[in-house]
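Subject: Structure handover

Hello,

Here is the structure I promised to pass on. My notes on it follow below.

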Amino acid sequence: MYYPYSWLKTLGRLTLYFLLVILLGLYLDGLPVTLTIATLLLLALHYWNLYRLNRWLWHSKKMTPPKARGVWEQIYEGIYYLQRRNRNKRKELGALVKRFREGAEALPDAAVVVDADGCISWCNRLARIELGLCWPEDAGRRIDNLIRHPQFVEFFHQGEFSYPIEVTSPTNIEKILEYRIMPYGDKHLLLVARDVTRVTQLEEMRKDFVANVSHELRTPLTVLNGYLEMFNADMTAYPPAFMGKAFTEMTAQTRRMQSLIEQLLILSRIEASAERVYEKIVDVPTLLSAIKIEARTLNQEKQHKIEFTVDSGLRVFGIETELRSAFSNLIFNAIHYTPANGVIQVGWRLDKKRAEFFVQDNGEGIAERHLSRLTERFYRVDKARSRKTGGSGLGLAIVKHVLTHHNSKLEIDSEVGQGSRFSFHFSPELTVVDSHASNQN
Ligand code: ADP
């Protein structure tokens, strides 16, 4: 309850009190004594209330004030009212700070608040994980004593925070963090660290990719350019045999460039593809018989024995153009990388409710150290040999992308001198079995 203080009322009460005392003094015929006693009584009453106030403020655990009357009732209620108001304000402030901290905890970045002396005032959970800070142990410690990377220390001390820096994480050297510092308020700083490892890697990959493509295109262009310069000088100076060889070489180099560009286009089409795998059923047996004809043409020189074992009733949900690329890349690789008269087995079968495709050859095989890198773009075990076969180093990268799109994974088993087996499975959800037609041929 709010009691507005009225000095008139207080004065009125005091006047009435002393009027009564004077009357009593006159009646008892001892005014000075009565007045002295009445004043002492009044003083004692105030001292008593002062004592109770002191006890309530400092020693009592009760929130409600002691009972009193008159001016003291107003004082007690006033203090009680102020206390309640402060308590509510504190609660509101506490809730605000809590909400702010929860918001900062939910940030996807590490955040640290640093005071004017460079000491940590607060940090969020990600800062503890990414920057290795301990909370509350590190409160008040200098940030540059805890993040000691020279580049960060220099950045922190130079005081120019208009651009971010990228530095390895103090907890994991494989990670790259981007540090940003934002000054705010009374010389305080907000340090935000973001994990940019993936972005940096992608940027590296992009640079490598451009460098690789340029390199791959430059080599055939240099050959073509060489011949063209020679012919430009004097075409009649060369014998027909040399001219024939030159034209064969130029045609081969042009085909190489063409094939590289085609592969690049397939790769980018797969990457950008928004087609859904679950919409269409691909008739893999028909697809494989088309690839079989192409394989026969490609096999004319090496005369491998190629055996196709295909379950004619087994189909899958998927994207036909992509699957054609994946199947043919694996089959043509086996033809390319198996010495003449080899044996290549191509299989399409049901394996524990999952459709399986495999290509097995008895070629030279691949050393273990290369296996994990084979699906990287432009990765080739033997660059010179691969180029001779017209390989761009993109075939298995295409296969990997296609399979990722179809929720599958390329499995490679290979042993040097024994041969290789490339295979993959489609999940039961993508596998379609036509039980009437299902048989091997
Ligand atoms: P390329 O276009 O050079 O064939 P790929 O990505 O298709 O590129 O293959 C990458 C490398 O994997 C090839 O350069 C080759 O060294 C190796 N490779 C692929 N398939 C086979 C295989 N069946 N036998 C041996 N090595 C293979």
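Let me start with one residue. Arg-324 is partly exposed, at 30% relative accessibility. On this scale buried means under 20% relative accessible area, exposed means over 50%, and partly exposed lies in between (1.4 Å probe, protein chains only). Arg-324 forms a salt bridge with Glu-294, and their closest N and O atoms are 3.0 Å apart. Glu-294 sits in helix α9 (residues 284–298) and Arg-324 in helix α10 (residues 320–336), so the pair ties together parts that are 30 residues apart in sequence. Glu-294 is partly exposed too, with a relative accessible area of 35%. A salt bridge here is a side-chain nitrogen of Lys or Arg within 4 Å of a carboxyl oxygen of Asp or Glu.

Before you go further, a word on the source. This is a predicted model: local features need pLDDT of at least 70, side-chain atom pairs count only at pLDDT 80 or more, and totals for chains, interfaces and linings use all residues. Residues are numbered from 1 along each chain as its sequence is written, and side-chain values use heavy atoms, with hydrogens and water left out.

Now the whole protein. There are 13 helices and 13 strands. These are DSSP runs, numbered from the N terminus (helices: H or I, at least four residues; strands: E, at least two). The radius of gyration is 44 Å, well over the 22 Å that the globule rule gives for 441 residues, so the protein is more spread out than a compact globule. That radius is taken over C-alpha atoms, and the rule is 2.2 Å times the number of residues to the power 0.38. The C-alpha trace spans about 155 × 65 × 35 Å along its principal axes. Of the 441 residues, 35% count as buried.

Contacts next. Among those with a separation of 6 or more, 59% are between residues 24 or more positions apart. Contact means heavy atoms within 4.5 Å.

How many salt bridges are there in the whole structure? The search finds 18. One of them joins Glu-203 and Arg-206, at 3.1 Å from N to O. The two are 3 residues apart in helix α7 (residues 197–233), so about one helical turn separates them. Glu-203 is partly exposed at 33% relative accessibility. Arg-206 is partly exposed at 46%.

Another salt bridge pairs Glu-307 with Lys-305, with the closest N and O atoms 2.9 Å apart. Glu-307 is partly exposed, at 28% relative accessible area, whereas Lys-305 is exposed, at 51%.

Some backbone points are worth a look. The peptide bond between Trp-135 and Pro-136 is cis, with omega about 10 degrees. Pro-136 is in the loop between α4 (125–130) and α5 (143–146).

Which phi does Lys-352 have, positive or negative? It is positive, about 50 degrees, although Lys-352 is not a glycine. Lys-352 lies in the loop between β9 (343–351) and β10 (354–361). Its relative accessibility is 74%, which counts as exposed.

Asn-407 is not a glycine, and its phi is positive at about 55 degrees. Its place is the loop between α13 (395–405) and β11 (411–415). Asn-407 is exposed, with a relative accessible area of 55%.

Best wishes
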